[in-house]
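Biologist: I am new to this structure. Please take me through a few of the terms used for it.

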Amino acid sequence: MSETVSAEGGASYAAAGVDIEAGDRAVELMKEWVRKTRRPEVLGGLGGFAGLFDASALKRYERPLLASATDGVGTKVDIARRMGVYDTIGHDLVAMVMDDIVVCGAEPLFMTDYICVGKVHPERVAAIVKGIAEGCVLAGCALVGGETAEHPGLLGADDFDVAGAGTGVVEADRLLGAERIREGDTVIAMAASGLHSNGYSLVRHVLLERAKLGLDQHIGELGRTLGEELLEPTKIYSLDCLALTRTAEVHAFSHITGGGLAANLARVIPDDLHAVVDRSTWTPAPVFDLVGKTGDVERLELEKTLNMGVGMMAVVPEESADVALAALTDRGVEAWVAGEITHRGEHTTGAELVGDYAN
């Protein structure tokens with residue numbers, strides 16, 4: 001590591017812009033929140049070089065498959081920075097990682113995080129970790145470790161970014177995916193809580209840069225300020241999806257993230273089949289219309305970028321649809337039949353949206 005000479009002439013890490021004491025203070029502040037995510041398989045505490053998870057817990061599986069995923073939250077961090085709100089962005093991070101893992105039917109086990117900052121503000125870092133810990137509780141996983149890195153000279157004093165990686169486990173003969181999907185299956189949509197954590201480069205460009213809207217500006221159609229809408233945490237579906245697999249037969253899930261609904265659904269559709277999703281079965285939240293109309297964004301472009309009000313989809317046998325919907329409703333998840341699986345025929349893609357959105 002290169003050194004920087006201070007004004008007094010002596011080289012020091014502090015003179016280079018790294019505050020070790022602030023980092024230590026941040027660790028102390030976050031310990032309480034990390035403890036709240038503890039599972040019985042976790043060994044040790046925060047502060048070790050590696051997080052430990054007792055793999056003997058997997059002996060109850062006949063053939064355990066480990067599932068892993070890693071992700072960040074994109075430029076949504078810029079909204080958090082501008083608003084000075086740091087305790088929700090971690091919730092988004094858990095959703096992006098653990099809802100990818102649950103797609104294959106895996107139970108989330110543990111997660112690690114990486115927080116990169118221009119300058120360590122202990123309370124801010126602790127607030128970010130608080131959000132990650134709260135998200136882990138909602139996903140049913142443990143937060144077993146992480147890293148906070150200070151990058152002076154590369155990031156501004158208030159700049160930061162977050163990333164995470166997670167691990168889950170699924171019994172091999174319960175693995176979900178394209179191999180299970182059959183013609184005639186039903187596609188069930190689960191409502192998003194808002195924009196979630198994708199498409200913020202477009203959203204920021206349209207609403208903040210072009211339209212010059214303020215984050216503290218109250219938007220009538222949203223019923224709150226723009227900043228409050230844009231920082232709405234991503235819904236975490238992990239435990240809801242796992243509960244659904246225990247209640248009804250499920251063939252596949254699809255987490256609707258970057259690339260939009262059709263592209264993400266197509267990832268779990270076999271080559272000989274095709275998913276048809278009917279837009280008329282739901283009405284996207286007002287924020288999607290706000291982005292579209294304000295930026296004169298074509299519908300296809302919106303649908304390729306944003307989730308359009310659907311955060312997760314399940315593919316189930318037609319005869320299981322009613323049971324699946326009832327199970328999700330009992331858990332407080334807004335869900336509806338949105339489409340069906342048909343023969344691929346001449347279609348060149350695995351999924352398409354048809355019709356017009358309901359008013």
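Modeller: Helix H4 (residues 122–139) gives the most to the lining of the largest cavity, with 3 residues; helices are DSSP runs of H or I, at least four residues, numbered from the N terminus. This is a predicted model, where local features need pLDDT of at least 70, side-chain atom pairs count only at pLDDT 80 or more, and totals for chains, interfaces and linings use all residues. Residues are numbered from 1 along each chain, and side-chain values use heavy atoms, without hydrogens and water.

Biologist: What makes a set of points a cavity?

Modeller: On a 1 Å grid over the protein atoms alone, a 1.4 Å probe fits at those points but cannot get out, and lining residues have an atom within 4 Å of a point. Arg-124, Val-125 and Ile-128 are among the lining residues of the largest cavity.

Biologist: Why is H2 called oblique to H5?

Modeller: The axes of helix H2 (residues 76–83) and helix H5 (residues 200–210) come within 8 Å and cross at roughly 50°. Axes are lines fitted to C-alpha atoms over the stretch in contact, and angles run from 0 to 180 degrees between N-to-C directions. Under 35 degrees is roughly parallel, over 145 roughly antiparallel, 65 to 115 roughly perpendicular and the rest oblique, so H2 is oblique to H5.

Biologist: Why is Val-287 called buried?

Modeller: Buried means under 20% relative accessible area, exposed over 50%, partly exposed in between (1.4 Å probe, protein chains only). Val-287 has 1%, so Val-287 is buried. Val-287 is found in helix H9 (residues 286–295).

Technical notes. On a 1 Å grid over the protein atoms alone, a cavity is a set of points where a 1.4 Å probe fits but cannot get out, and a pocket is an open set with protein on both sides within 12 Å along at least five of seven lines; lining residues have an atom within 4 Å of a point. Helices (H or I, at least four residues) and strands (E, at least two) are DSSP runs, numbered from the N terminus.
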